[in-house]
Amino acid sequence: TAATHQVTVSADLSKQGPVINKDIYGQFAEHLGRGIYEGLWVGPDSSIPNTKGFRNDVINALKEMEVPLVRWPGGCFADEYHWRDGIGPKDERPVKVNTHWGGVEETNAVGTHEFFDLAELLGAEVYINGNLGSGTVREMAEWMEYMTSDKNSTLANQRRANGRDKPWDIKYFGIGNESWGCGGHMEPDYYTDLYRQYATFLKTPPGKKPLLVGSGGHTEDTQWTDVLSKNIERDMDGISYHFYTLPNDEWETKGHATEFDEKMWFATLERTYRMDEYLKNNIAILDKNDPEGELGFYVDEWGTWYDAEEGREPGFLYQQNTLRDAVVAAVNLNLFHAYAKRVHMTNIAQMVNVLQAMILTDGPDMLKTPTYHIYDMYSVFQDATSIPLTLDAPDYTMGGKAVPAVTGSLAKGKDGRTYLALVNLDPNNSASIKLDVSGGLDETLKGEILTAAEMTAKNTFDNKDAVTPKAFEATADDFTLPAKSIVVVAL
Ligand code: AHR
C-alpha cells in the first residue's frame, strides 16, 4: 500500500561547503566492445555523418550534457596498450587482438591523435591511462614526451609530422590500472615501488605536468589506499578506486539489466549505496596519512554491471539501461558531492554502448539512456559550490537491510543560482518534502523530473523517449517527490 515518506531538508544558504569539481562528471571510454569503434568512431569514410571519423550524432548529444573529462584507453586494455601502435598512417598500424574484451581485432584506427580529436570535439579534458603492467618505463616516458614536448626532439617532431604541431595538455595521467588484478596481479607494496620508478621518468615541460594517478583498490578494500598514501611521498596527486554495482552481489550471475522485480531493484540500490561506507573508510585513511588533504580520491570506474545481453558477445559488456540506472547515477552523484572535499574526479563506466552507458547505438541510430538524462539534469552541479544540507528521511527497507528513502544535493551553481537535487529510491511511496531552508527561497520551485510508471522503463530504438525529463514545478511549502523519481530544481 502506498504511503508517503515525511522528509525534511534543512540548510542555511549562506553556508559554503567544498566546490564540486566538474571532473566528478568524467566519463570512461575504453577499447572495449562497441564503445570506441561504432559507438564513437566510424571512420572518416563512413556513410554515418562524422567529423574526423567521430559520429556527429553521438558527439552532439555528449556535448549537450557537458562532458568535462574522458578517461582512455582503459581499463584493463590500458595495461596491454602500446601507444606506438596507434600513430602514423592507419594502414600501417598493427592489428592486435583485444585479449580482454572478446578477443576481437584491434585495428588501432583510434590512437593518440584521434583520442585528442575526440576530446577537442567534446570540449573535454583528457585522462590518459598509461601501461604499467606490460609496458616499460621507457615506453611510458616516451609517450609523455611525444604528447607534451615543445622541443625539437625526434619524438616531438614525429608528433608534428603526424599532424599535431602544438603539444597537448593532459589533465590526468594514470600509472597502471587495477594493478591488483588485470594490470599485473601485484601486491600494493610492489606497486608502490614501481609507481615511484615510473613517475620519476615522466618528464614534461614546465606547467605541463598532468595530475598523476596511483592505481588503487576496489570495493571494500582499503589496503591499497593505505599503502599508496603512506609509501608514495611525491609525484602522486590522487589514488584511483573502482566500485561496480552488481545487483546479485556476485560476478557469475550479476543480474538482468531490464527484467527485475522490486527485490532486485532494492538489492541494486543497497549495493550501490555501499559507496557511502567505502568512500568514508578510504577517506578516513587519507585523512590520517595525508592530513593536509593533498591527495584526491578518484573513483575512476563505477556504475552498474549486469549480465551481458542475450545473443551478444559477452566480452562486449553491452547492457540496456532503465530508470533503475538513473536512480543509481543520482544516488552516487549525491554521494560524490557529499565527499567533494576528497573526491575530485570520477568516471562512470562507460560512455557509449558499454556497461552503464550514456548512449546506445544501433548502426546509424542512437538513443540517450536514462543515465544520460541524469548527467544532463545534474550538469548544473559541475564546479558548483556545495551547501551543507541535512536530510531527515526515513529508510527504505527490505529483508532487514536499509538505504535512505531519499538522498539529495544542494549547491550554488556557477550561474549564481541555488540548485537542489532529490532522488526517491522507493519505487512505491512518494515523499512529502518539507524545506527548512534559511536564506531566501522562491515561492515556486522550477526544474525537471525524471521518472516513469514502471521501474523497468527504458528507452529503446522504437521508443527513445520513454524515460525523458519533464518540466517540474512545485510550491516550496507543498512539495511532493513521486516514488522512484529524480528531481533537480532551482530554489
Ligand atoms: O570497465 C570494464 C573493466 O572493469 C575495466 O577494463 C577494468 O578496469 C574493470 O575491471
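Predicted model: local features only at pLDDT ≥ 70, side-chain atom pairs only at ≥ 80, totals over all residues.
Figure 1. An oxygen atom of the ligand lies 2.7 Å from an N or O atom in the side chain of Glu30. The side chain of Glu301 likewise places an N or O atom 2.7 Å from an oxygen atom of the ligand. At Cys76, a polar backbone atom is 2.9 Å from a ligand oxygen atom. Of the 280 Å² of accessible area that the ligand has on its own, the protein covers 94%.

**Figure 2. The shell around the ligand.** The ligand is surrounded by 14 residues, and the closest are Glu30, Cys76, Glu178, Tyr244 and Glu301. By class, the shell comprises seven nonpolar, four polar and three charged residues.

**Figure 3. Cis peptide bonds at Trp72–Pro73 and Gly74–Gly75.** Most peptide bonds are trans. The bond from Trp72 to Pro73, however, is cis, with omega near 5°. Gly74 and Gly75 are also joined by a cis peptide bond, for which omega is about 15°. Pro73 belongs to the loop between strand E5 (69-72) and strand E6 (96-98), and Gly75 lies in the loop between E5 and E6.

**Figure 4. Positive phi at Lys52.** Most residues other than glycine have a negative phi. Lys52 is not a glycine, yet its phi is positive, near 50°. Lys52 is located in the loop between strand E3 (50-51) and strand E4 (54-55).

**Figure 5. Positive phi at Asp383.** Asp383, although not a glycine, has a positive phi of about 60°. The loop that holds Asp383 runs between helix H10 (370-377) and strand E16 (385-386). Asp383 has a relative accessible area of 26% and is therefore classed as partly exposed, a class that spans values between under 20% for buried and over 50% for exposed.

Note on methods. Residues numbered from 1 in each chain as written. Heavy atoms only, no water. Near = heavy atom within 4 Å. Polar contact = N/O pair within 3.5 Å; in protein donor to acceptor, adjacent residues only side chain to side chain. Areas by Shrake-Rupley, 256 points an atom, 1.4 Å probe, with all protein chains shown as cover. Nonpolar A, V, L, I, M, F, W, Y, C, P; charged D, E, K, R; others polar. Helix = DSSP H or I, 4+ residues; strand = E, 2+ residues; numbered from the N terminus. Buried < 20%, exposed > 50% of the residue type's maximum accessible area, 1.4 Å probe, protein only.
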